[in-house]
Each structure stands twice: as C-alpha cells, then as structure tokens.
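Reader: I have not seen this structure before. Please take me through some of its details, one question at a time.

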4 protein chains.
Amino acid sequence: MSETDYQALVDGILSDVQAYRGQGTVPNYIPALAQADPNKFGIALVLKDGSTYAAGDADQPFTLQSISYIFTLSLALHHVKGALWNHVGREPSGSPVNSIVQLELEKGKPRNPLISAGAIVVTDQLIGTRGADAAVEELLAFLRERSGEEGIGIDEGLAMSESRAGAFNRSLAHFIAAFGNMLNPVEEVLSAYYRQCSVAMTCRQLARAALFLAFDGVDPRTGDTVTVASRSRRTNALMLTCGHYDVSGDFAFRVGLPGKSAVSGGILAIVPGTGAVVVWSPGLNTAGTSLVGSVALESLAERTGWSVFV
Amino acid sequence: MSETDYQALVDGILSDVQAYRGQGTVPNYIPALAQADPNKFGIALVLKDGSTYAAGDADQPFTLQSISYIFTLSLALHHVKGALWNHVGREPSGSPVNSIVQLELEKGKPRNPLISAGAIVVTDQLIGTRGADAAVEELLAFLRERSGEEGIGIDEGLAMSESRAGAFNRSLAHFIAAFGNMLNPVEEVLSAYYRQCSVAMTCRQLARAALFLAFDGVDPRTGDTVTVASRSRRTNALMLTCGHYDVSGDFAFRVGLPGKSAVSGGILAIVPGTGAVVVWSPGLNTAGTSLVGSVALESLAERTGWSVFV
Amino acid sequence: MSETDYQALVDGILSDVQAYRGQGTVPNYIPALAQADPNKFGIALVLKDGSTYAAGDADQPFTLQSISYIFTLSLALHHVKGALWNHVGREPSGSPVNSIVQLELEKGKPRNPLISAGAIVVTDQLIGTRGADAAVEELLAFLRERSGEEGIGIDEGLAMSESRAGAFNRSLAHFIAAFGNMLNPVEEVLSAYYRQCSVAMTCRQLARAALFLAFDGVDPRTGDTVTVASRSRRTNALMLTCGHYDVSGDFAFRVGLPGKSAVSGGILAIVPGTGAVVVWSPGLNTAGTSLVGSVALESLAERTGWSVFV
Amino acid sequence: MSETDYQALVDGILSDVQAYRGQGTVPNYIPALAQADPNKFGIALVLKDGSTYAAGDADQPFTLQSISYIFTLSLALHHVKGALWNHVGREPSGSPVNSIVQLELEKGKPRNPLISAGAIVVTDQLIGTRGADAAVEELLAFLRERSGEEGIGIDEGLAMSESRAGAFNRSLAHFIAAFGNMLNPVEEVLSAYYRQCSVAMTCRQLARAALFLAFDGVDPRTGDTVTVASRSRRTNALMLTCGHYDVSGDFAFRVGLPGKSAVSGGILAIVPGTGAVVVWSPGLNTAGTSLVGSVALESLAERTGWSVFV
C-alpha cells in the first residue's frame with residue numbers, strides 16, 4: 001500500500017466505528033477513569049519505516065494500565081532472564097480478570113505475566129534490590145527513548161487513586177507473598193505497579209514504543225536492538241495467548257494478531273513484519289476491553305487481511 | 001530453501017532428537033497405546049507445491065486421537081456454521097486435560113473445541129440428525145480426499161477398547177447432556193467420537209490432509225477451496241491458543257506455530273503460508289504431549305526461524 | 001408431656017404452617033415429582049414407647065429419594081464396616097447439590113455419604129458382589145421390618161423415569177469409575193440407586209423405621225439392636241453436618257437436630273433420646289429442601305426446645 | 001459421677017494420651033509458636049456447679065488463636081444481632097484452612113465465623129465505629145469476668161509477630177474489602193484480630209469462660225445470663241458443623257461434641273447440659289488440630305459416653 005492508502009485505511013476504520021462511538025461503559029472504581037469520555041476514539045499505525053498514520057484522538061494521552069505489562073516484562077527479562085519463569089507461568093489463565101482461584105491452586109505462582117497477579121510479580125522482579133523508584137525510572141526512560149518523546153510521565157494523582165482503590169490487587173500481592181513469591185514488601189511493589197499503570201501516552205507514542213515487537217526485537221526507526229529476537233517473539237506469543245484476560249481466545253479468533261488490552265480503553269496490536277497499531281476508546285465491553293477499540297481492530301483485520309494465521 | 005535443503009532440514013531434526021529417543025511414557029489406559037514403541041519417531045513436512053520431505057518412521061500409521069478434533073471442527077462448521085459457538089466456546093481452558101471443573105462453572109458449555117468435552121460437543125453437532133455412522137463416513141471421506149489415500153481407515157479394535165476404558169469421557173458427555181447441550185444420545189455420540197479418534201494415518205498422510213490450513217483454506221496440491229479463509233485462520237487461532245491442553249501457552253512460547261498434540265504421540269503444526277508438519281513419537285511428557293515430538297518442533301523452529309510471531 | 005400434649009404439639013405445628021401451604025416449587029425434571037401437590041403437608045412423631053402422633057397427610061406415601069441414603073449407609077456399614085471410609089469421606093461438602101468440582105479435587109472420593117455421589121458409592125459397596133437386586137431386596141426387607149409394614153415397595157415407574165432423566169448422576173458415577181472407585185458397572189449401580197430412591201413410604205412409616213437412630217441403635221419398639229451404638233451416633237453426626245446439601249449448617253443453626261432432606265419434600269429429623277419426626281410437603285425452597293417442612297421443624301424446635309445443643 | 005470419679009476421668013485421659021505425647025508438629029511460621037514444647041499436655045473439665053477437674057499442664061497459659069472466634073462471635077452478635085449474617089454465612093466451608101476460593105465464589109462473604117476470613121469479618125463488625133482498641137478491651141473484660149481471672153492479658157509480642165507473618169490473612173482481609181464487606185481499614189481490623197488471637201489463657205480459665213455455652217447462655221457459676229438461649233445453641237451448632245476447618249465432620253463423627261480447635265494446640269469442647277472441657281497440647285496433626293488433644297477428646301467421649309447424638 002502507498003502512503004495515501006495507509007491514511008485511507010485509518011480514516012476508513014475511523015468511519016467504520018462511528019456508529020459505535022459512545023457505547024461501552026467506563027470503569028467507575030476511580031474518578032479519573034470514570035470521567036473519561038466514551039466518545040473519544042483514536043488510532044495510530046506505525047510502519048517499519050517509522051511512518052505513522054493516525055486518525056481521531058490519536059494525540060490525546062491515556063494511561064497505559066495493563067498495556068504497561070508488556071514493557072516491564074521486557075525489562076524484567078533483560079535483568080533476570082529465564083529465572084523469571086520460576087516466579088510466573090506462561091499459560092492462559094482461562095479466568096476472569098478478578099479471579100484469585102488459580103493463584104491458590106498454583107501456590108502463588110501467577111499463570112502469566114499479562115494478568116494483574118503476574119504483572120505484580122514481574123514488577124517485583126524488576127525492582128529486585130534496587131527499590132521501586134529505580135524500576136519506575138527505568139521504565140520511563142525506556143518508553144521515552146522508544147517513543148522519542150521526552151515528555152512522557154506518570155499521572156501521579158491517578159496512581160495514588162488507583163492504589164487507594166486497589167483492595168483486590170493488594171489482596172493478590174499479599175497472597176503471593178504468603179507463598180513466598182515476593183522479594184520486596186507489598187507496598188513497595190504496589191507503589192511501582194500503580195505508577196507503571198499510570199504512565200500516560202498517546203496512541204501515536206505507544207505504537208512507536210512497541211514497534212520493536214513487530215521486527216524481532218529491533219526498532220526499525222533507529223536500528224537499535226531492543227531485545228533479542230526470541231524474546232520479542234515470545235512476548236508476542238504471550239500477548240496472543242494471554243493478552244486479553246478471559247477473552248484472549250476470542251481476540252485471537254476475531255483479530256488474529258498479538259495484542260494487549262487495558263482498562264483505560266487502549267489496545268496495542270502487533271503486526272509481525274509490518275508494524276504496530278494502537279487504538280483507544282474509553283468505553284469497555286463486558287469483558288473489560290475497549291468496545292469501540294475492538295470493533296476498530298476487527299475492521300483493521302478485515303480491511304488489510306493482516307493476521308498471523310495465514 | 002532448495003529441495004536438498006528441506007531434506008537436510010528433516011534429516012537434521014531426526015539427528016537432533018536422537019539423544020531423546022525412547023524417553024517419555026506411553027499411556028497405559030489401553031493395551032493398544034501401552035504397547036506403542038517409544039523409540040519410534042517420524043517427521044513429514046509438506047510444502048505449498050505438495051513436495052514432501054520425510055524422515056524416520058514417517059510412513060507408520062498411528063491413531064489421530066485428539067488431532068482428529070481439527071477435522072471434525074472444520075466439518076461441523078461447514079454444517080452448522082457460527083451456531084456452533086452457541087454450544088462450545090473458544091477460550092483456552094487453563095485446565096488439565098482431565099478436568100471437569102470449568103464445565104460445571106460454565107454450565108455444560110465446554111471452553112473450546114480442542115479439549116475432549118468440546119470435541120464431544122462438536123461431534124454431536126456434526127452428527128446432527130444423521131446418525132453417528134454418517135458423520136464418521138464424512139470424516140473418513142474428507143481425510144481420504146485431502147491426503148489422496150483411499151486406504152485410510154479406522155482401527156476399530158482400538159475404538160472399542162478406548163470406549164470401554166472411557167469412563168472419564170462418558171462422564172463428561174453425561175454432564176454436558178445434564179445441561180441440555182447434547183442433541184444425540186450419549187452412547188451414539190461416543191461411538192462416533194471414539195471412531196474419529198481411532199482413524200489411523202501416517203505423518204506423511206496427515207501433513208497432506210492438513211495442508212489447507214496453511215493456505216487460507218485452499219489445498220495448494222489440488223487448488224480445492226476446502227474451507228473459507230476466515231474459518232481456516234480461526235482454526236489456526238484455536239490451535240495456537242488451545243491446541244495443547246494446559247501447555248498451549250508454552251507451545252506458543254517455544255514453537256510459535258499453531259499446533260495440535262495427541263495422546264498417541266502425534267503433533268500437527270501449521271506454518272502459515274509455507275506448509276504443514278507432522279511429528280510422531282509415542283513417549284509422552286508429563287503434560288501429555290509427545291516428548292520427542294516437542295523437541296523436534298523446537299528444533300524445527302530454531303533451524304528455520306518459522307514462527308507466526310515475526 | 002402427656003399423650004394429649006404430644007397430639008397438641010403436632011396439631012399446633014400443622015396450624016403454624018397453614019399460612020405457608022402451597023408455597024415452594026415442585027421439581028420439574030420428571031413428571032411424577034412435578035405432579036406432586038404442594039398443598040400437601042404431613043407430620044408424624046414417634047416416641048420411645050412407639051406411640052405415634054400425626055397430623056395432616058401423614059399417611060400418604062412419598063418416595064424417599066435421598067432420605068434412603070441413611071438406610072443404605074447403615075446397611076453398607078454393616079457389610080463392609082470401616083473400610084467404607086476408604087471410598088467415601090465424612091466431611092460436609094460446602095457445595096451445591098449438583099456440583100462435581102469437589103469430586104475432581106478429591107480424585108473420585110465423594111465428600112460424604114449423604115450427597116448423591118457419596119450415596120452412589122455407598123450403594124456400590126452395598127451391592128458388593130451380590131448384584132443390584134440383592135441389595136435392593138435387603139433395603140426393602142430392612143424398611144419393612146423396622147416400620148412393621150409389609151406393604152412397603154418401590155415406585156418402579158418413578159425409578160425408571162428418574163434413571164432416564166439422570167444425566168447428572170450418570171456423569172457422577174462414570175466420573176467416580178474413572179478414578180477406580182466403583183466395584184460394579186455404572187448401570188448396575190444406578191439401577192439399585194434409583195430403586196432405593198423410589199421406595200415409597202408415609203411419614204408415619206418412615207419415622208418408625210428411623211427410630212433406632214434416636215436410641216443408640218436400639219429400636220425401642222421391638223428391643224432389637226439394629227446397629228451398634230457408635231454407628232448410630234455417627235450416622236446422626238453425618239446427618240447434622242451433611243444432611244441438607246449446602247444448607248446443612250443453616251439447618252443445624254435453626255433446628256438443631258440431625259436430619260436429612262429429600263427432593264420429594266420429606267425431611268427426617270432425629271431427637272436423640274426422645275424420638276423421630278418426619279415432615280413432608282412437596283414444595284421446595286431455593287436450597288432444594290421442603291419449604292413448609294422446614295417451617296414445621298423450626299416450629300417443632302421452638303415449641304419443644306428440643307435441640308442437641310443444650 | 002462423684003468428685004472422685006471426675007478426677008479419675010481426667011487422670012485416666014492423661015494416662016490414655018501418654019503414648020502419644022510429643023507427637024505432632026508445632027507450627028513454624030512464627031518463633032513463639034515454633035518454640036512450644038510438644039510434650040506439654042493439659043486438660044480441664046468444668047461442671048455445672050463450677051467444680052473443676054484438671055490434669056497435666058492445665059495451668060499453663062497458651063494463646064487462644066482461633067478459639068477466640070467463639071467469644072468475638074458472641075460479642076458481635078450482642079452488638080449487631082442478626083445483621084451479622086448479612087456479612088458472614090453459617091455453612092461449613094469444606095475447604096482447607098488456607099483457602100481463598102470460596103471467598104471468591106461467594107463474593108467476599110466468608111462461609112462462616114469460625115474460619116479466618118469469617119473471624120476477620122466478625123472482628124470488623126465488633127469494632128464497628130469504636131476503633132480496634134475498644135473491641136479488644138471488651139473481649140478482655142468479657143474473658144476476665146467469665147473466667148474470674150483479672151490477670152488475663154494479651155501476648156503483645158506474639159500478636160506483633162503474627163501480624164508481621166500474616167500475609168495470608170492480610171490477603172483475605174483486602175479481598176473482603178475489595179467486595180465492600182469491610183467497615184474499617186484492613187490494618188485496623190487486623191490489629192484487633194491478632195490481639196484477640198494472642199489472648200493467653202490456661203485450660204482451666206478457658207473452660208470456665210466458655211461454660212455458659214453448655215447451659216443455654218447462663219453461666220451456672222454466677223447465674224449470669226451471658227447470652228440468650230437461642231444464640232448459645234446456635235454457637236454450639238456452628239462449632240459442630242464448622243469448628244475444625246476441613247475436619248469438622250470428622251470431629252463430629254469421632255467426638256460428637258461441639259468444639260473449636262486452634263493452631264496453638266488448644267481445643268475447646270462443650271458438653272451441653274454437663275460442662276465444658278479444654279485440652280491443650282502444641283503438636284498438630286496434618287489437619288492443623290492438636291494431635292494429642294484429639295486423642296484426649298476421643299478418650300473422653302469413649303470413657304463418658306458424652307455425645308450430642310444420643
């Protein structure tokens with residue numbers, strides 16, 4: 001496709017989702033998320049040559065929430081390597097987002113790094129002996145470098161609100177600690193965890209930051225080897241099998257691309273060998289993923305034929 | 001790669017697995033499987049042009065067992081279309097092969113078509129109002145046509161043994177029936193189910209029969225449209241997320257290809273756009289998939305770089 | 001209390017439940033139960049000297065359903081003694097009547113003899129090597145002797161209907177068999193199981209038949225030692241902790257007596273040292289026990305102060 | 001029995017357990033419990049007239065741990081009455097002591113007041129709006145008055161150690177809070193919870209303090225109505241169905257009396273109409289109850305014939 005065609009693609013997707021805008025429910029557990037406007041929708045597509053095609057509210061920042069798990073996973077693997085898998089599994093959980101059952105059956109070892117329990121463990125491992133602040137700083141530096149945007153920061157107020165509202169995650173963390181699978185004090189880990197979830201980025205910035213996952217770990221905009229090829233592929237594998245809580249199978253079935261959804265309404269999708277896409281719209285479907293964003297990615301799959309399954 | 005290279009590839013894999021041959025445990029619940037020789041190993045790779053590269057015991061027949069689920073799913077979707085998803089889900093189960101818990105929580109609707117409970121439901125839907133024999137005949141005709149081998153048949157003695165030993169599957173089927181999710185009498189459905197599991201094929205035959213899944217539903221050897229493109233992709237998506245019981249995530253992580261394992265020691269893997277591979281070796285690892293076969297597919301992934309994630 | 005007082009007691013209970021008669025839902029899974037009249041209510045109280053006080057429909061037969069478990073347990077313990085506890089536990093299940101989860105977690109050993117799965121195991125043990133008919137005959141002979149009524153028999157039509165409708169119990173039985181915890185073929189065991197559930201008795205007959213449980217195993221009407229004292233006490237203990245599915249705790253809390261409820265609307269309660277009571281009314285509450293019968297037993301507890309807890 | 005006979009009874013029990021002394025395992029999660037001497041054994045029996053018969057280490061204090069739940073339940077019922085049952089159930093859990101599964105299935109409402117999760121909820125309700133200190137003071141005043149021992153106090157060091165080691169209970173509390181079933185901040189509730197568990201009493205003191213439960217809520221030593229009769233009976237019912245984690249059914253089966261075990265090795269048993277018994281020995285069996293204490297209570301049941309089931 002030509003440049004014109006790619007712009008037509010994202011514009012076409014914007015037009016495909018018009019009828020759905022405003023649908024879905026914004027999460028109500030903290031004011032900052034509850035006040036999000038469900039009419040917002042943004043999309044950004046970044047290709048190998050760094051060219052970016054955007055439409056809608058692609059330049060409005062939203063918080064990464066669980067999309068951040070992809071990046072802390074990458075950084076933690078860099079630090080602790082395969083030993084990470086002693087602390088967290090890599091199987092789909094088959095459980096809803098707010099389930100603790102599996103964690104009990106598997107004695108405090110979360111099923112995978114892309115559910116809350118697993119992300120908490122990954123964050124703990126990333127902290128290691130350095131303290132929460134060092135881990136958060138490393139993540140911010142990584143995201144700034146990959147997106148090329150120095151201004152990326154944390155919505156500290158949101159981090160604080162989420163932490164205060166976070167009884168369930170606090171329960172998960174203490175549960176994990178009860179099984180001896182936590183290096184650092186629970187509050188230390190949660191302080192990093194909630195800050196990583198509260199990093200604010202735009203569709204455009206986020207798509208750029210994740211681009212290396214489409215090219216075997218190399219950022220094609222800079223030529224930097226961000227991570228080794230096998231680790232990049234495996235991150236994609238985890239996104240495909242585990243990236244959307246208990247609707248991961250459905251996402252693979254409908255969209256056919258590795259992806260990660262977040263409660264803020266963002267969804268990241270990787271098109272291996274081609275590029276990275278981010279959509280954002282705050283209204284969620286009953287599975288807790290962006291309703292309009294999901295429609296947009298199905299439209300993308302249909303319009304382009306992009307799929308890892310052909 | 002040239003013809004020579006492909007042959008070198010399968011020969012190389014054969015050599016890679018030498019050190020592992022004989023390892024693993026053969027299942028002991030029926031004599032026919034218990035007597036399998038764990039030293040056997042076969043591999044067959046079929047490419048777009050129909051060329052086939054094989055090594056080891058690639059021409060020795062083994063029974064499809066749960067690999068058959070892929071084909072009955074394809075046939076059932078042809079008959080009942082999307083209505084199938086009212087009866088079976090498409091999410092990974094996150095549960096071991098012999099778990100009934102999820103089935104209770106989800107009121108008799110199995111998680112996906114690639115676990116026993118789901119396959120029983122798919123077989124029931126495939127039978128519809130035609131009787132078990134018609135469904136089994138349709139499956140056999142399909143496999144004969146796709147593989148080009150008229151001699152493919154059912155190991156009837158094994159089917160009978162498995163049925164007699166099948167208390168767990170019988171329990172699943174009655175459980176599903178208790179929730180009203182079964183059209184036909186349980187014994188009728190199981191009679192088809194155990195025969196489909198007892199179809200005997202070689203690595204070479206099976207790889208050919210599944211080739212259409214690598215080419216968006218078109219069999220490149222004949223040009224036949226076997227199934228619509230979206231259905232072919234979605235079958236691959238299901239294999240990737242659900243094809244290996246509770247080690248599906250690990251298979252995606254290590255091998256990076258859609259696949260389906262069976263208790264007979266066979267594993268089918270699809271390389272979208274390239275071809276189909278079947279490995280077979282009867283010794284199983286603790287997860288119930290072929291130990292040597294798994295090593296072979298990791299070797300394939302490493303030697304070729306084939307992966308849907310790049 | 002005098003004779004007059006006891007008759008006033010049961011009459012008073014009959015009057016207490018008037019406002020509730022007709023409430024509750026009759027089970028609809030088989031016609032015979034679905035056609036029961038929810039306005040019916042009977043009560044019979046049998047004391048140490050054999051005197052019986054009855055009111056309402058105390059002479060109308062109903063089928064024992066799971067109340068029969070008490071008697072097969074007693075007979076099975078006589079045959080296999082403590083070895084029975086290798087096959088079934090004695091803990092409350094904490095699960096609803098139609099749950100199979102615990103059975104999986106505990107590898108085919110049902111939690112206790114007073115849930116369906118446990119009763120199926122007890123029936124299998126009672127059959128032993130004698131065949132289903134011998135076991136059923138022994139049960140009938142026991143109930144006839146204890147109640148002094150030669151006419152007690154099986155509602156064979158109901159047994160057949162229940163068996164045909166019994167997908168869930170069939171699933172349980174095959175599941176148990178899958179774990180090797182079944183001596184006899186599933187259909188043999190179920191044939192005895194459904195006949196024992198279909199024994200028809202009146203409130204008066206049933207209260208007499210169970211009287212030995214109130215007197216340490218001795219039937220005070222005849223002086224016969226029906227079972228050893230420790231076994232009688234332990235049967236009462238099982239009724240108290242496990243006699244009402246997942247509302248056993250509530251029954252102990254409200255009524256304070258060992259008891260067993262059945263889906264036919266009967267409830268047996270034992271007053272240790274005093275006597276046995278049976279109430280019957282077909283309408284069930286949401287927990288699957290007789291709504292009017294429960295009210296009647298709470299009224300009994302309040303009017304008499306009878307409770308094992310003081 | 002005469003005074004001499006009762007003394008012979010407890011002496012006889014002491015002699016019955018000799019062969020078992022030292023068996024069992026002391027819990028190792030905090031030093032204070034880990035250092036307990038498994039050779040210790042004490043027993044105290046208090047009768048209606050207040051006479052007390054003791055043997056062994058009946059005057060050595062140990063911490064109440066979960067036996068304290070009985071008393072906070074009684075106090076909380078006094079304050080919030082039946083509204084307590086909106087926050088906690090009264091069914092046996094059928095789960096091991098350290099399971100969180102049921103709590104998820106039942107949306108943060110613990111199964112009963114005699115498991116940790118339930119006791120945390122009861123403590124929260126007892127605190128109400130008064131603060132943790134007031135609740136703890138009320139409990140201490142109650143235990144001092146009932147036992148007639150002004151010196152009863154809290155092992156504050158142990159409370160602190162337990163709180164620090166209490167990741168699992170902290171997880172439970174946050175989990176309950178996540179479902180909105182917690183009035184007070186988690187740390188406030190846990191501060192009261194761990195202090196109530198750390199009240200130190202002797203067998204003799206504890207048996208006296210619980211005596212009212214054997215006499216329909218009236219303390220026969222003082223004539224005080226401690227609680228209404230129905231509440232006393234219901235507390236006994238809860239002990240019988242739920243007092244020993246997932247071996248409550250077995251305790252009812254073997255001992256036949258309402259009771260409550262604790263991880264410190266104490267077991268309280270109520271003999272309705274007769275008296276109260278406390279045994280103590282720190283070595284635990286695999287179910288987490290005192291090994292020697294269990295043997296002692298079985299010996300008591302056998303020697304006296306005391307049982308609520310006859």
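Reader: Which backbone nitrogen does the side chain of N112(D) reach?

Author: This is a predicted model. N112(D) sits in the loop between helix 4 (101-105) and helix 5 (116-127) of chain D. At a distance of 3.3 Å, its side chain reaches the backbone nitrogen of I115(D).

Reader: Is N112(D) buried or exposed?

Author: Leaving out residues up to four places away in sequence, N112(D) touches V88(D), G89(D), R90(D), E91(D), P92(D), S93(D), G118(D) and C242(D). Its relative accessibility is 1%. The cut-off for buried is under 20%, so N112(D) counts as buried.

Reader: Is T225(C) buried or exposed?

Author: T225(C) lies in the loop between helix 10 (203-209) and helix 11 (229-242) of chain C. Not counting residues up to four places away in sequence, T225(C) touches G217(C) and V218(C). Its relative accessibility is 60%. The cut-off for exposed is over 50%, so T225(C) counts as exposed.

Reader: How far apart in space are T225(C) and F212(C)?

Author: Along the sequence, T225(C) and F212(C) are 13 residues apart. From C-alpha to C-alpha, the distance between T225(C) and F212(C) is 8.1 Å.

Reader: What is the area buried between chain A and chain B?

Author: The contact involves 32 residues of chain A and 32 residues of chain B. Carbon and sulfur atoms give 58% of the buried area. The area buried between the two chains is about 2,900 Å².

Reader: With which residue does R90(A) form a salt bridge?

Author: Between chain A and chain B, the count is 2 salt bridges. In the one formed by R90(A), the closest N and O atoms are 2.8 Å apart. The partner of R90(A) is D250(B).

Reader: Which element gives the most to the side of chain A that touches chain B?

Author: The elements that give two or more residues to this side are helix 11 (229-242) and helix 12 (248-254) of chain A. The one that gives the most, with 7 residues, is helix 11 of chain A.

Reader: How far apart are the nearest C-alpha atoms of chain A and chain C?

Author: Chain A and chain C do not touch. Their nearest C-alpha atoms are separated by 10 Å.

How values were computed
Residues numbered from 1 in each chain as written. Chains lettered and ligands numbered in written order. Predicted model: local features only at pLDDT ≥ 70, side-chain atom pairs only at ≥ 80, totals over all residues. Heavy atoms only, no water. Contact = heavy atoms within 4.5 Å. Buried area = accessible area lost by both parts, 1.4 Å probe. Salt bridge = Lys/Arg side-chain N within 4 Å of Asp/Glu carboxyl O. Helix = DSSP H or I, 4+ residues; strand = E, 2+ residues; numbered from the N terminus. Buried < 20%, exposed > 50% of the residue type's maximum accessible area, 1.4 Å probe, protein only. Polar contact = N/O pair within 3.5 Å; in protein donor to acceptor, adjacent residues only side chain to side chain.
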